[in-house]
Amino acid sequence: MGGVFENLVAEASAVSVDGWDFSWLDGRATEARPSWGYQRLLGSRLGVAQAALDLETGGGEVLGGCPALPPLMAATESWPPNIAKASARLRPRGVRIVATAGFPFRDAVFDLVSSRHPVTTSWSEIARVLRSGGTYFSQQVGPASVFELVEFFLGPQPDEGRNSRHPDHAVAAATRAGLEVVDLRSESLRTEFFDIGAVVYFLRKVIWMVPGFTVERYRDKLRQLHEKIDRDGPFVAHTTRFLIEARKP
């Protein structure tokens, strides 16, 4: 068992985690998808927009999968490996890639701002760059997402941490920024990890789940989880997602 554990951990530690493509996990982990189909809905909105901005675009995977883009399309990204991937994928389609975590844009320039799984949402800045009648459209990580895995490594988390991404907080923040929430949907989705390599890869890629995660730091917990999966089958957690659309009057 020790050899299998070491091999799985070594394999997952060596693979690149650049970009926002999780295809390495095919066959090793599963995550149910929200019923609303974010990329499809985003694509329909981009198809009729004149000027749009995609925030924290990652490697451009979601935006790149949309069939039609508006005449003015910009995307921001701050992590250099993702900037390179997004540039290669999106610039041939006329997308302006802006290497920033900020909002270096004029007031009221976009009729659509989007983001999928943003780390933070700068509601006041979003409201500033939206035109009157424009919308912010986003799929976000919800409260206590994959916390079964988080708490396996970190122990029980306080209610403040469990509820920090509650959609009610997003509605309140959007309202304070002067936006009107016109759509809000939430779902809890079954997630399974079939081997410890999938867990290592996931925690290396989604770095805010277990802050400061390294194999060396958590080797004992990783071995415990490997033994649990080997004994009981896939480790089951639940991903939470919410969809929010807010309009600027």
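**View 1. Largest nonpolar core of the predicted model.** L149 and F153 touch the most other members of this 34-residue core. A nonpolar core is a set of buried Ala, Val, Leu, Ile, Met, Phe, Trp, Tyr and Cys residues joined through side-chain atoms within 4.5 Å; buried means under 20% relative accessible area, exposed over 50% and partly exposed in between, with a 1.4 Å probe and protein chains only. Two or more residues each come from α1 (2-14), α6 (147-154), α9 (196-205), α10 (219-232) and β8 (235-247). The element that gives the most is α9, with 7 residues. Helices (H or I, at least four residues) and strands (E, at least two) are DSSP runs, numbered from the N terminus.

**View 2. Surroundings of F153.** Leaving aside residues up to four places away in sequence, F153 touches V199, L203, V210, F213, Y218, K221, L222 and L225. Contact means heavy atoms within 4.5 Å. A second, separate core has 23 residues, among them V113, A127, V129 and L130.

**View 3. Loop residue H117.** H117 lies in the loop between β5 (110-116) and α5 (123-129). Its phi is positive, near 60 degrees, in a residue other than glycine. H117 is buried, with a relative accessible area of 9%.

**View 4. Loop residue A144.** A144 sits between β6 (130-141) and α6, in the loop. Although A144 is not a glycine, its phi is positive, about 50 degrees. Most residues other than glycine have a negative phi.

**Notes.** Residues are numbered from 1 along each chain as its sequence is written, and side-chain values use heavy atoms, without hydrogens and water. The model is predicted: local features need pLDDT of at least 70, side-chain atom pairs count only at pLDDT 80 or more, and totals for chains, interfaces and linings use all residues.
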